[in-house]
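Thank you for making time for this.

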Amino acid sequence: MLTVHPTHPQPRLLAQAAERIRAGAVVAYPTDSCYALGCHLGDKDAMERIRALRGFGKDHHFTLVCRDLSEIAQYAQVGNAEYRLLRALTPGAYTFLLPATREVPRRLQHPKRRTIGIRVPDHPVALGLLAALGEPLMSCTLLFPGEDTPPTDAEAIAQRLGSRLDLVLDGGPGGLEPTTVVDLFTGTPVVVRAGKGDLAPLGVEQAL
């Protein structure tokens, strides 16, 4: 486990974590919603390990966690209306479902819709890790199968997952509420999951 300062994470430790990710590690790290699991974008084996940890089926959306809007545009097709919404709500506790570009490996896309989840977290540790990595992190919420709330303590995460997890980046207590998931595939925002992200800017009051 690497313990970093929650608001001013040490670059040296973030660089170590990024190097582990490039070498194939599956990591747990804090975000502005809750702790998440992440691995290198191109690492199929690490992705399958995350899938096993979460008990995912083949049709589950993974999320590309990006540093900023310009990075999002490399991996998702973003029209003018979508761009305005993304600019208003990022960084923040939202995940957006958008059509994937050719930069996204097919195994990361929804098998039927060819969409990808995209998000920019508002958390110093997550953003610092992304800066050290220099590319998006393939990610999903750290939530155990059959449980409704994510774990909040890094030490407990490390103990529970043991050797199935390569690294825990401890940035302090995590949150209990996952991101708000917004489907932008048709151009009209549809809230798939109401979470930490405020629904008011989306013009809806509850998940559909």
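Let me begin with strand E9 (residues 180–183) and strand E10 (residues 190–193), which pair in the antiparallel sense over three bridges; strands here are DSSP runs (E) of at least two residues, helices are runs (H or I) of at least four, both numbered from the N terminus, and two strands pair if DSSP finds at least two bridges between them. This is a predicted model, in which local features need pLDDT of at least 70 and side-chain atom pairs count only at pLDDT 80 or more, while totals for chains, interfaces and linings use all residues. Residues are numbered from 1 along each chain as its sequence is written, and side-chain values use heavy atoms, with hydrogens and water left out.

Within this pair, Asp183 has Val190 in E10 as its bridge partner. E9 and E10 form a hairpin with six residues between them, and in the turn Gly187 has a positive phi of about 95°.

Where does this hairpin sit in the sheet? The sheet is an open one of ten strands with mixed pairing, in the order E1-E8-E2-E3-E7-E4-E6-E5-E9-E10. Strand E1 (2–3) and E10 stand at the edges, each with a single partner strand, so one side of each is left without a neighbour in the sheet. Further in, E4 and E7 run antiparallel and are joined by three bridges, with Leu64 opposite Met138 in E7.

Which residues of helix H4 (residues 80–89) are buried? They are Glu82, Leu85, Leu86 and Leu89, and they cover an arc of only 100° around the axis, which puts them on the same side of H4. Asn80, Arg84, Arg87 and Ala88 are exposed on the other side of H4, while the cover over its buried residues includes helix H3 (69–75) and E5.

The largest pocket holds about 410 Å³ of space; on a 1 Å grid over the protein atoms alone, a pocket is an open set of points with protein on both sides within 12 Å along at least five of seven lines, a cavity is a set where a 1.4 Å probe fits but cannot get out, and lining residues have an atom within 4 Å of a point. Of the 25 residues that line this largest pocket, His60, Thr63, Thr141, Val181 and Arg193 lie nearest its centre. The largest share of that lining, three residues, comes from E7.

The search of the whole structure also finds one cavity of 30 Å³ or more, and Leu37, Leu53, Arg54, Leu142, Leu143, Phe144 and Leu161 line the largest cavity. Volumes are the space filled by probe spheres set on the points, which are joined across faces, edges and corners.

How values were computed:
Buried means under 20% relative accessible area, exposed over 50%, partly exposed in between (1.4 Å probe, protein chains only). The arc is that of the directions from the helix axis to the C-beta atoms. Contact means heavy atoms within 4.5 Å.
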